Amino acid sequence: MSKPARTRGERSTPTGEHVPVMLAECLAALDPQSGMVAVDCTLGYAGHSAALLERLGPDGHLICFDLDDIHLADATARLEAVGHPFTIRRGNFASIQSTLAELGIGHVHCVLADLGMSSMQVDDPSRGFSFLRDGPLDMRMDRSRGRTAAELLATLPEEELAAAFAANDEPMAEAIATAIVRERGNLAFERTADLRDVVERAAPVVVIKSPGSGPARKQQLLPATRVFQALRILVNRELANLQQLLRVLPDVLEPGGVAAIMSFHSGEDRLVKAAFREGLRSGAYSACTDDPIRPSEAEKLANPRARSAKLRWARR
């Protein structure tokens with residue numbers, strides 16, 4: 001019943017506790033009921049999954065996907081403690097349609113996807129996701145396959161790097177890409193510190209002076225943040241996988257079934273917004289959110305990493 005899994009679903013609080021972001025809002029959007037079949041596309045530490053499974057009851061079934069096996073044992077134990085039927089598949093949620101067919105499931109009542117990466121991943125220096133911690137420049141969510149961030153930086157043309165950074169809203173995209181290509185002739189980008197140093201030289205942090213005698217402060221989002229995020233998205237083909245999920249969602253949902261997708265990145269949110277609105281226009285969906293649902297002020301205060309979250313839902 002429980003097999004391997006992609007990590008996400010949790011954000012760490014300042015105290016280190018892993019909590020599911022906007023759990024109440026996700027459950028309200030999906031409205032899981034006893035006996036239903038649901039999918040959590042991003043298992044992570046099973047915060048959302050455990051809450052879904054409790055609602056589904058002994059006659060329901062939860063199918064979970066995860067690319068990363070780092071917390072699989074803990075997540076499995078958390079779901080086993082609930083005691084209701086579930087299946088975990090280690091793999092990408094883009095394969096949701098074929099996986100459901102393999103399981104003999106035609107349609108499901110609920111689909112939840114919590115996009116991006118988990119706090120457990122970003123806080124682990126060995127994964128290479130964060131420029132705040134020196135480590136190998138890997139960034140693969142599934143470490144058993146695919147090219148690392150270091151390998152991509154060594155081979156991608158300057159134009160592709162610049163396009164990826166620009167798509168992630170980095171205004172200095174071309175300058176940063178030029179600097180990376182210039183430096184890689186002399187420097188093997190093997191560590192996160194290597195990339196951070198080049199980015200900071202190519203796009204120095206802007207200090208914004210407050211009017212009057214107020215304190216000066218750094219720009220809100222550092223160039224290195226956007227570059228690391230853009231590179232992670234490239235390494236894991238995240239936008240392509242999301243597009244595939246959005247294409248097949250109407251086909252895997254039961255009539256009246258609901259899909260809820262939480263994003264932490266403007267490019268992801270734009271794709272979800274466009275797909276849901278087009279589905280409403282074409283008749284694939286009967287309703288969808290007009291505006292994204294955001295975390296409450298209390299949640300953002302308790303868990304700062306939830307601040308950029310946007311939740312959208314659509315009903316078949």
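This is a predicted model: local features need pLDDT of at least 70, side-chain atom pairs count only at pLDDT 80 or more; totals for chains, interfaces and linings use all residues.
Let me begin with what counts as an element here: helices are DSSP runs of H or I with at least four residues, strands are DSSP runs of E with at least two, and both are numbered from the N terminus. By that rule, the chain you see above has 13 helices and 11 strands. Residues are numbered from 1 along each chain as its sequence is written, and side-chain values use heavy atoms, with hydrogens and water left out.

Now to the chain as a whole. Its accessible surface comes to about 13900 Å², and 51% of that belongs to carbon and sulfur atoms, the areas being computed by the Shrake-Rupley method with a 1.4 Å probe, where for residues only the protein chains shown count as cover. Of the 316 residues, 52% count as buried, a word I use for under 20% relative accessible area, with exposed meaning over 50% and partly exposed lying in between (1.4 Å probe, protein chains only).

Let us look at one helix, H7, which covers residues 158–167 and in which Leu161, Ala162, Ala164 and Phe165 are buried. On which side of H7 do they lie? They cover an arc of only 160 degrees around the axis, so they are on the same side of H7, the arc being that of the directions from the helix axis to the C-beta atoms. The buried residues of H7 pack against helix H6 (149–155), helix H8 (173–183) and helix H10 (223–235), where contact means heavy atoms within 4.5 Å. After H7 comes Asp169, with a positive phi near 65 degrees.

Two further residues deserve a look for their backbone. Ala46, in the loop between strand S3 (37–40) and helix H2 (47–56), has a positive phi of about 75 degrees although it is not a glycine, and at 0% relative accessibility Ala46 counts as buried. Met139, in the loop between helix H5 (119–122) and H6, likewise is a residue other than glycine with a positive phi, near 75 degrees, and Met139 is buried with a relative accessible area of 0%.

The structure holds 12 salt bridges, each being a side-chain nitrogen of Lys or Arg within 4 Å of a carboxyl oxygen of Asp or Glu. One of them joins Asp269 to Arg312, with the closest N and O atoms 2.7 Å apart. Which parts of the chain does this pair link? It links distant parts, Asp269 being in helix H12 (residues 266–282) and Arg312 in strand S11 (residues 310–315), 43 residues apart, and both Asp269 and Arg312 are buried.

Arg232 and Glu238 form another salt bridge, with the closest N and O atoms 2.8 Å apart; Arg232 counts as buried at 6% relative accessibility, and Glu238 is buried with a relative accessible area of 6%. In the bridge between Glu297 and Lys300, the closest N and O atoms are 2.9 Å apart, and because these residues are 3 apart in helix H13 (residues 297–302), they are separated by about one helical turn. Here Glu297 counts as exposed, at 60% relative accessibility, whereas Lys300 counts as partly exposed, at 22%. Finally, Arg90, Asp142 and Arg145 are linked in a network of salt bridges.
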